[in-house]
Amino acid sequence: MPRHSELTVLSNQFRKFSETEAVELDSPMYAELAHAVASTPDLLELASHCPRLQPSPNLLFASVQYLLMTGMKHPLREYYPILSRGEPQSESASTAFREFCQIHRNAIVKLLEERKVQTNVVSRCGCLLPAFSMVSLESKRAPLHLIDLGASAGLNLNFHRYYYKYSHPCNADLEWGNSHSNVRICTKIRGNQLLSLETEIEVGSRIGIDVAPVDVKDINAVNWLRALVWPEHHAHHNRLLAAIEEFKQFPATILEGDVIARLPETIECAAANHAIVVYSTISTYQFSELTRSAIAPLLGEFCKQRPIWHIELEGSANGQYELALTRYCSNSAAERKLLARASPHGLWLEWVGG
(Lines give C-alpha, C1' and ligand atoms only; values in the text may rest on other atoms or scores of the structure.)
Protein backbone atom coordinates (compact mmCIF):
# COMPACT_ATOMS: atom_id res chain seq x y z
CA MET A 1 0.00 0.00 0.00
CA PRO A 2 1.54 3.35 -0.99
CA ARG A 3 2.23 5.88 1.75
CA HIS A 4 -0.04 8.89 2.21
CA SER A 5 2.74 11.19 1.01
CA GLU A 6 3.09 9.21 -2.23
CA LEU A 7 -0.64 9.45 -2.90
CA THR A 8 -0.47 13.20 -2.25
CA VAL A 9 2.25 13.54 -4.89
CA LEU A 10 0.18 11.49 -7.33
CA SER A 11 -2.91 13.56 -6.59
CA ASN A 12 -0.99 16.73 -7.39
CA GLN A 13 0.25 15.20 -10.66
CA PHE A 14 -3.28 14.39 -11.79
CA ARG A 15 -4.59 17.76 -10.67
CA LYS A 16 -1.85 19.57 -12.60
CA PHE A 17 -2.52 17.39 -15.65
CA SER A 18 -6.22 18.26 -15.42
CA GLU A 19 -5.67 22.00 -15.09
CA THR A 20 -2.82 22.52 -17.54
CA GLU A 21 -1.83 19.81 -20.01
CA ALA A 22 -5.33 18.48 -20.74
CA VAL A 23 -6.63 22.03 -21.17
CA GLU A 24 -3.78 23.18 -23.42
CA LEU A 25 -4.07 20.06 -25.59
CA ASP A 26 -7.86 20.32 -25.78
CA SER A 27 -9.06 17.17 -24.06
CA PRO A 28 -12.07 17.95 -21.85
CA MET A 29 -12.52 14.24 -21.16
CA TYR A 30 -9.00 13.73 -19.80
CA ALA A 31 -9.30 17.00 -17.85
CA GLU A 32 -12.42 15.61 -16.20
CA LEU A 33 -10.99 12.16 -15.54
CA ALA A 34 -7.70 13.50 -14.17
CA HIS A 35 -9.63 15.77 -11.80
CA ALA A 36 -11.65 12.77 -10.63
CA VAL A 37 -8.59 10.59 -10.10
CA ALA A 38 -6.90 13.35 -8.09
CA SER A 39 -9.65 13.22 -5.47
CA THR A 40 -10.48 9.47 -5.47
CA PRO A 41 -8.34 7.29 -3.16
CA ASP A 42 -8.94 3.95 -4.93
CA LEU A 43 -8.05 5.44 -8.33
CA LEU A 44 -4.92 7.02 -6.86
CA GLU A 45 -3.94 3.66 -5.38
CA LEU A 46 -4.41 2.11 -8.84
CA ALA A 47 -2.26 4.82 -10.44
CA SER A 48 0.47 4.19 -7.86
CA HIS A 49 1.40 1.04 -9.80
CA CYS A 50 2.92 3.23 -12.55
CA PRO A 51 6.74 3.02 -12.65
CA ARG A 52 8.57 6.03 -11.25
CA LEU A 53 9.78 7.54 -14.55
CA GLN A 54 6.45 7.13 -16.32
CA PRO A 55 3.86 9.96 -16.52
CA SER A 56 1.07 8.44 -14.44
CA PRO A 57 -1.96 10.16 -16.06
CA ASN A 58 -0.90 9.22 -19.58
CA LEU A 59 -0.13 5.63 -18.63
CA LEU A 60 -3.34 5.06 -16.65
CA PHE A 61 -5.60 6.57 -19.31
CA ALA A 62 -3.83 4.71 -22.12
CA SER A 63 -4.20 1.41 -20.24
CA VAL A 64 -7.95 1.91 -19.89
CA GLN A 65 -8.38 2.92 -23.52
CA TYR A 66 -6.25 -0.04 -24.65
CA LEU A 67 -8.50 -2.51 -22.82
CA LEU A 68 -11.58 -0.92 -24.36
CA MET A 69 -9.92 -0.87 -27.77
CA THR A 70 -9.02 -4.55 -27.60
CA GLY A 71 -12.48 -5.79 -26.77
CA MET A 72 -13.47 -5.31 -23.14
CA LYS A 73 -17.16 -4.41 -23.02
CA HIS A 74 -18.42 -1.63 -20.80
CA PRO A 75 -20.60 1.51 -21.15
CA LEU A 76 -17.42 3.57 -20.69
CA ARG A 77 -16.60 2.77 -24.32
CA GLU A 78 -19.36 5.13 -25.50
CA TYR A 79 -17.51 8.11 -24.01
CA TYR A 80 -14.52 7.65 -26.35
CA PRO A 81 -15.01 9.35 -29.75
CA ILE A 82 -12.35 7.13 -31.34
CA LEU A 83 -14.20 3.99 -30.21
CA SER A 84 -17.86 5.00 -30.12
CA ARG A 85 -19.96 4.19 -33.17
CA GLY A 86 -22.36 7.02 -32.46
CA GLU A 87 -22.13 10.39 -30.74
CA PRO A 88 -20.03 10.31 -27.56
CA GLN A 89 -21.88 10.60 -24.27
CA SER A 90 -22.48 14.13 -23.03
CA GLU A 91 -22.71 13.22 -19.32
CA SER A 92 -19.76 12.93 -16.99
CA ALA A 93 -17.51 9.94 -17.68
CA SER A 94 -16.04 9.80 -14.17
CA THR A 95 -18.52 7.33 -12.68
CA ALA A 96 -18.24 4.90 -15.58
CA PHE A 97 -14.44 5.28 -15.56
CA ARG A 98 -14.18 4.43 -11.86
CA GLU A 99 -16.50 1.44 -12.26
CA PHE A 100 -14.47 0.12 -15.21
CA CYS A 101 -11.26 0.47 -13.19
CA GLN A 102 -12.78 -1.43 -10.28
CA ILE A 103 -13.99 -4.29 -12.48
CA HIS A 104 -10.76 -4.59 -14.49
CA ARG A 105 -8.27 -3.57 -11.83
CA ASN A 106 -5.96 -6.58 -12.30
CA ALA A 107 -5.73 -6.11 -16.07
CA ILE A 108 -5.00 -2.40 -15.63
CA VAL A 109 -2.32 -3.04 -13.00
CA LYS A 110 -0.62 -5.50 -15.35
CA LEU A 111 -0.48 -2.89 -18.10
CA LEU A 112 0.74 -0.18 -15.72
CA GLU A 113 3.59 -2.38 -14.56
CA GLU A 114 4.59 -3.70 -17.99
CA ARG A 115 3.93 -0.91 -20.47
CA LYS A 116 5.58 2.44 -21.16
CA VAL A 117 4.36 5.74 -22.54
CA GLN A 118 5.96 5.28 -25.96
CA THR A 119 4.06 7.86 -27.91
CA ASN A 120 5.01 8.40 -31.52
CA VAL A 121 3.45 11.85 -32.01
CA VAL A 122 4.07 12.39 -35.71
CA SER A 123 2.95 16.03 -35.58
CA ARG A 124 6.13 16.80 -33.62
CA CYS A 125 7.86 16.59 -36.99
CA GLY A 126 6.39 20.05 -37.58
CA CYS A 127 8.81 21.27 -34.91
CA LEU A 128 11.74 19.13 -36.06
CA LEU A 129 11.58 20.13 -39.73
CA PRO A 130 12.94 23.71 -39.30
CA ALA A 131 15.85 22.34 -37.25
CA PHE A 132 16.61 19.68 -39.87
CA SER A 133 16.49 22.45 -42.47
CA MET A 134 19.12 24.43 -40.54
CA VAL A 135 21.41 21.40 -40.39
CA SER A 136 20.97 20.81 -44.10
CA LEU A 137 22.00 24.40 -44.82
CA GLU A 138 24.94 24.39 -42.40
CA SER A 139 26.25 21.09 -43.78
CA LYS A 140 26.09 22.43 -47.36
CA ARG A 141 23.06 20.22 -48.06
CA ALA A 142 24.76 16.97 -47.15
CA PRO A 143 22.45 13.96 -46.81
CA LEU A 144 21.33 13.65 -43.19
CA HIS A 145 22.25 10.62 -41.09
CA LEU A 146 19.37 10.62 -38.61
CA ILE A 147 19.61 9.02 -35.16
CA ASP A 148 16.38 9.09 -33.13
CA LEU A 149 16.85 8.59 -29.38
CA GLY A 150 13.81 6.94 -27.83
CA ALA A 151 12.37 6.25 -31.27
CA SER A 152 9.31 4.17 -30.27
CA ALA A 153 8.13 2.86 -33.66
CA GLY A 154 10.46 5.21 -35.56
CA LEU A 155 7.70 7.03 -37.44
CA ASN A 156 9.41 10.44 -37.14
CA LEU A 157 12.37 9.08 -39.08
CA ASN A 158 10.15 9.40 -42.17
CA PHE A 159 9.67 13.15 -41.66
CA HIS A 160 10.79 13.89 -45.22
CA ARG A 161 7.94 11.84 -46.69
CA TYR A 162 5.18 13.91 -45.04
CA TYR A 163 3.32 17.08 -46.00
CA TYR A 164 3.59 20.23 -43.86
CA LYS A 165 1.71 23.50 -43.65
CA TYR A 166 2.80 26.32 -41.37
CA SER A 167 0.20 29.01 -40.83
CA HIS A 168 0.62 32.52 -39.45
CA PRO A 169 -2.23 34.99 -38.87
CA CYS A 170 -0.41 37.81 -40.69
CA ASN A 171 1.45 35.94 -43.44
CA ALA A 172 0.87 33.44 -46.21
CA ASP A 173 1.00 29.74 -45.38
CA LEU A 174 4.35 27.99 -45.82
CA GLU A 175 4.07 24.52 -47.36
CA TRP A 176 6.74 21.83 -47.57
CA GLY A 177 7.03 18.19 -48.52
CA ASN A 178 4.91 15.68 -50.37
CA SER A 179 1.52 17.24 -51.12
CA HIS A 180 0.12 13.77 -51.91
CA SER A 181 1.12 12.26 -48.56
CA ASN A 182 -1.62 10.94 -46.29
CA VAL A 183 0.44 12.18 -43.33
CA ARG A 184 -0.45 15.88 -43.14
CA ILE A 185 0.99 18.08 -40.42
CA CYS A 186 -0.35 21.56 -39.75
CA THR A 187 1.56 23.78 -37.33
CA LYS A 188 0.66 27.32 -36.29
CA ILE A 189 3.45 29.86 -36.06
CA ARG A 190 3.32 32.19 -33.07
CA GLY A 191 5.23 35.40 -32.62
CA ASN A 192 6.84 37.71 -35.15
CA GLN A 193 9.71 35.58 -36.47
CA LEU A 194 8.89 33.50 -39.53
CA LEU A 195 10.38 30.23 -40.69
CA SER A 196 12.67 29.72 -43.63
CA LEU A 197 12.97 26.18 -44.96
CA GLU A 198 15.31 24.59 -47.46
CA THR A 199 13.40 23.58 -50.58
CA GLU A 200 14.78 20.06 -50.33
CA ILE A 201 16.35 18.16 -47.45
CA GLU A 202 18.10 14.96 -48.44
CA VAL A 203 17.98 12.08 -45.97
CA GLY A 204 20.75 9.56 -46.41
CA SER A 205 20.19 7.08 -43.57
CA ARG A 206 17.83 6.60 -40.62
CA ILE A 207 18.37 4.76 -37.34
CA GLY A 208 16.32 4.74 -34.16
CA ILE A 209 17.26 3.49 -30.69
CA ASP A 210 14.74 2.35 -28.09
CA VAL A 211 14.87 0.05 -25.09
CA ALA A 212 11.67 -1.58 -26.36
CA PRO A 213 11.05 -0.77 -30.04
CA VAL A 214 7.45 -0.82 -31.24
CA ASP A 215 6.87 -3.22 -34.14
CA VAL A 216 4.30 -1.70 -36.51
CA LYS A 217 3.51 -5.19 -37.85
CA ASP A 218 2.35 -6.28 -34.37
CA ILE A 219 -1.36 -5.44 -33.96
CA ASN A 220 -1.07 -5.33 -30.16
CA ALA A 221 1.83 -2.89 -30.39
CA VAL A 222 -0.10 -0.73 -32.84
CA ASN A 223 -3.15 -0.77 -30.57
CA TRP A 224 -0.96 0.44 -27.70
CA LEU A 225 0.22 3.36 -29.84
CA ARG A 226 -3.41 4.10 -30.69
CA ALA A 227 -4.39 3.92 -27.03
CA LEU A 228 -1.81 6.57 -26.22
CA VAL A 229 -3.67 9.02 -28.47
CA TRP A 230 -6.10 11.13 -26.47
CA PRO A 231 -9.79 10.35 -27.13
CA GLU A 232 -10.84 13.58 -28.85
CA HIS A 233 -7.76 13.79 -31.07
CA HIS A 234 -9.17 12.30 -34.28
CA ALA A 235 -6.60 14.01 -36.50
CA HIS A 236 -3.70 12.67 -34.41
CA HIS A 237 -5.18 9.18 -34.53
CA ASN A 238 -5.64 9.21 -38.31
CA ARG A 239 -2.17 10.69 -38.79
CA LEU A 240 -0.66 7.93 -36.66
CA LEU A 241 -2.34 5.21 -38.73
CA ALA A 242 -1.22 6.87 -41.98
CA ALA A 243 2.37 7.14 -40.69
CA ILE A 244 2.34 3.47 -39.69
CA GLU A 245 1.34 2.50 -43.24
CA GLU A 246 4.10 4.75 -44.59
CA PHE A 247 6.64 3.09 -42.30
CA LYS A 248 5.59 -0.38 -43.42
CA GLN A 249 6.41 0.70 -46.96
CA PHE A 250 9.57 2.67 -46.10
CA PRO A 251 10.97 1.16 -42.88
CA ALA A 252 13.98 2.46 -40.99
CA THR A 253 16.43 0.57 -38.78
CA ILE A 254 15.37 0.52 -35.12
CA LEU A 255 17.92 -0.84 -32.65
CA GLU A 256 16.93 -2.25 -29.28
CA GLY A 257 18.92 -1.20 -26.24
CA ASP A 258 20.19 1.63 -24.08
CA VAL A 259 20.94 4.79 -26.06
CA ILE A 260 24.44 5.21 -24.62
CA ALA A 261 25.33 1.60 -25.37
CA ARG A 262 24.06 1.79 -28.96
CA LEU A 263 24.79 5.38 -29.90
CA PRO A 264 28.49 4.85 -30.80
CA GLU A 265 27.72 2.25 -33.47
CA THR A 266 24.98 4.43 -34.98
CA ILE A 267 27.44 7.31 -35.30
CA GLU A 268 30.28 5.18 -36.62
CA CYS A 269 28.18 3.66 -39.40
CA ALA A 270 27.40 7.07 -40.95
CA ALA A 271 28.70 7.49 -44.49
CA ALA A 272 31.58 9.93 -44.85
CA ASN A 273 29.50 12.43 -46.82
CA HIS A 274 26.53 12.42 -44.44
CA ALA A 275 25.75 15.01 -41.76
CA ILE A 276 25.17 13.28 -38.41
CA VAL A 277 22.00 14.44 -36.65
CA VAL A 278 21.10 13.03 -33.23
CA TYR A 279 17.65 14.04 -32.03
CA SER A 280 14.94 13.32 -29.47
CA THR A 281 11.29 14.30 -29.11
CA ILE A 282 10.05 14.37 -25.51
CA SER A 283 11.67 11.06 -24.66
CA THR A 284 14.70 11.85 -22.49
CA TYR A 285 12.58 12.35 -19.36
CA GLN A 286 12.30 8.56 -19.34
CA PHE A 287 16.09 8.10 -19.47
CA SER A 288 18.00 7.66 -16.24
CA GLU A 289 19.96 10.65 -14.97
CA LEU A 290 23.15 8.73 -15.75
CA THR A 291 22.07 8.22 -19.37
CA ARG A 292 20.98 11.83 -19.86
CA SER A 293 24.23 13.19 -18.45
CA ALA A 294 26.32 10.85 -20.65
CA ILE A 295 24.91 12.00 -24.01
CA ALA A 296 26.77 15.32 -24.27
CA PRO A 297 30.23 13.92 -23.36
CA LEU A 298 29.76 11.07 -25.81
CA LEU A 299 28.85 13.44 -28.65
CA GLY A 300 31.72 15.71 -27.63
CA GLU A 301 34.12 12.79 -27.98
CA PHE A 302 32.84 11.66 -31.39
CA CYS A 303 32.83 15.19 -32.82
CA LYS A 304 36.63 15.08 -32.80
CA GLN A 305 36.27 12.95 -35.91
CA ARG A 306 33.46 14.95 -37.62
CA PRO A 307 30.74 17.50 -36.76
CA ILE A 308 27.56 16.35 -35.01
CA TRP A 309 24.29 18.23 -34.66
CA HIS A 310 22.06 17.46 -31.66
CA ILE A 311 18.38 18.49 -31.83
CA GLU A 312 16.19 18.33 -28.74
CA LEU A 313 12.44 18.86 -28.51
CA GLU A 314 12.09 18.37 -24.77
CA GLY A 315 10.55 19.82 -21.64
CA SER A 316 12.50 22.55 -19.85
CA ALA A 317 12.97 23.51 -16.21
CA ASN A 318 10.36 26.25 -16.54
CA GLY A 319 7.66 23.77 -17.53
CA GLN A 320 7.64 24.75 -21.21
CA TYR A 321 8.67 22.66 -24.21
CA GLU A 322 11.60 23.93 -26.21
CA LEU A 323 13.37 23.13 -29.47
CA ALA A 324 17.14 23.48 -29.18
CA LEU A 325 20.12 22.76 -31.42
CA THR A 326 23.61 21.99 -30.13
CA ARG A 327 26.51 22.02 -32.57
CA TYR A 328 29.46 19.77 -31.71
CA CYS A 329 32.67 20.50 -33.59
CA SER A 330 36.24 19.50 -32.80
CA ASN A 331 37.69 23.01 -33.00
CA SER A 332 35.16 24.76 -30.76
CA ALA A 333 33.13 24.27 -27.61
CA ALA A 334 29.64 22.82 -27.98
CA GLU A 335 27.21 25.62 -28.78
CA ARG A 336 23.59 25.17 -27.65
CA LYS A 337 21.01 27.48 -29.19
CA LEU A 338 17.35 27.78 -28.28
CA LEU A 339 15.44 27.75 -31.56
CA ALA A 340 11.80 27.82 -30.52
CA ARG A 341 9.18 27.30 -27.87
CA ALA A 342 6.73 24.64 -28.92
CA SER A 343 3.59 22.67 -28.27
CA PRO A 344 4.39 19.16 -27.01
CA HIS A 345 2.13 17.82 -29.78
CA GLY A 346 3.58 20.07 -32.50
CA LEU A 347 0.41 22.15 -32.73
CA TRP A 348 2.31 25.45 -32.63
CA LEU A 349 5.85 26.79 -32.80
CA GLU A 350 7.22 30.13 -31.64
CA TRP A 351 10.54 30.68 -33.38
CA VAL A 352 13.04 32.67 -31.31
CA GLY A 353 16.28 32.35 -33.24
CA GLY A 354 18.92 30.21 -34.84
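Mentor: Let's begin with Leu 59, which is buried because its relative accessibility is 0%. Here, buried means under 20% relative accessible area, exposed means over 50%, and partly exposed is in between, using a 1.4 Å probe and protein chains only. Before we go on: this is a predicted model, so local features need pLDDT of at least 70 and side-chain atom pairs count only at pLDDT 80 or more, while totals for chains, interfaces and linings use all residues. Residues are numbered from 1 along each chain as its sequence is written, and side-chain values use heavy atoms, with hydrogens and water left out.

Leu 59 sits in helix H4, which covers residues 56–69. Helices (H or I, at least four residues) and strands (E, at least two) are DSSP runs, numbered from the N terminus. So what does Leu 59 touch, leaving aside its neighbours within four places in sequence? Its contacts are Cys 50, Pro 51, Gln 54, Leu 112, Arg 115, Lys 116, Val 117 and Trp 224. Contact means heavy atoms within 4.5 Å. You can also see how the chain folds back here: Leu 59 and Glu 113 are 54 residues apart in sequence, yet their C-alpha atoms are 9.7 Å apart.

Now follow Trp 224, one of the contacts of Leu 59. Trp 224 is among the buried residues of H8, along with Ala 221, Val 222, Asn 223, Leu 225, Arg 226 and Ala 227. That is seven of the nine residues of H8, so this helix is largely enclosed by the rest of the structure. H4 and H9 are included in what covers those buried residues. At the start of H8, a side-chain oxygen of Asp 218 comes to within 2.9 Å of the backbone nitrogen of Asn 220.

How do H8 and H9 sit against each other? H8 (residues 219–227) packs on H9 (residues 234–249) at an angle of about 150°, with the axes 10 Å apart. Axes are lines fitted to C-alpha atoms, for helices over the stretch in contact, and angles run from 0 to 180 degrees between N-to-C directions. The angle therefore makes H8 roughly antiparallel to H9. The cut-offs are under 35 degrees for roughly parallel, over 145 for roughly antiparallel and 65 to 115 for roughly perpendicular, with the rest called oblique. The H8 and H9 crossing is right-handed; a crossing gets that name if the near helix is turned clockwise from the far one by less than a right angle, and left-handed if anticlockwise. On the H8 side, Val 222, Leu 225 and Arg 226 meet His 237, Leu 240, Leu 241 and Ile 244 of H9. By class, that contact between H8 and H9 has five nonpolar residues, one polar and one charged. Ala, Val, Leu, Ile, Met, Phe, Trp, Tyr, Cys and Pro count as nonpolar, Asp, Glu, Lys and Arg as charged, and the others, Gly among them, as polar.

Where is Gln 286? You'll find it in the loop between strand S7 (275–281) and helix H11 (289–302). Gln 286 is buried because its relative accessible area is 15%. Its side chain makes a polar contact of 2.6 Å with the side chain of Gln 54. A polar contact is a pair of N or O atoms within 3.5 Å; within protein, one must be able to donate a hydrogen and the other to accept it, and residues adjacent in sequence count only if both atoms are side-chain atoms. Gln 286 and Tyr 285 have such a link too, side chain to side chain, at 2.9 Å.

The loop between S7 and H11 also holds Ile 282, which has a positive phi of about 50° although it is not a glycine. Most residues other than glycine have a negative phi. Ile 282 counts as buried because its relative accessibility is 12%.

Lys 73 counts as exposed because its relative accessibility is 69%.
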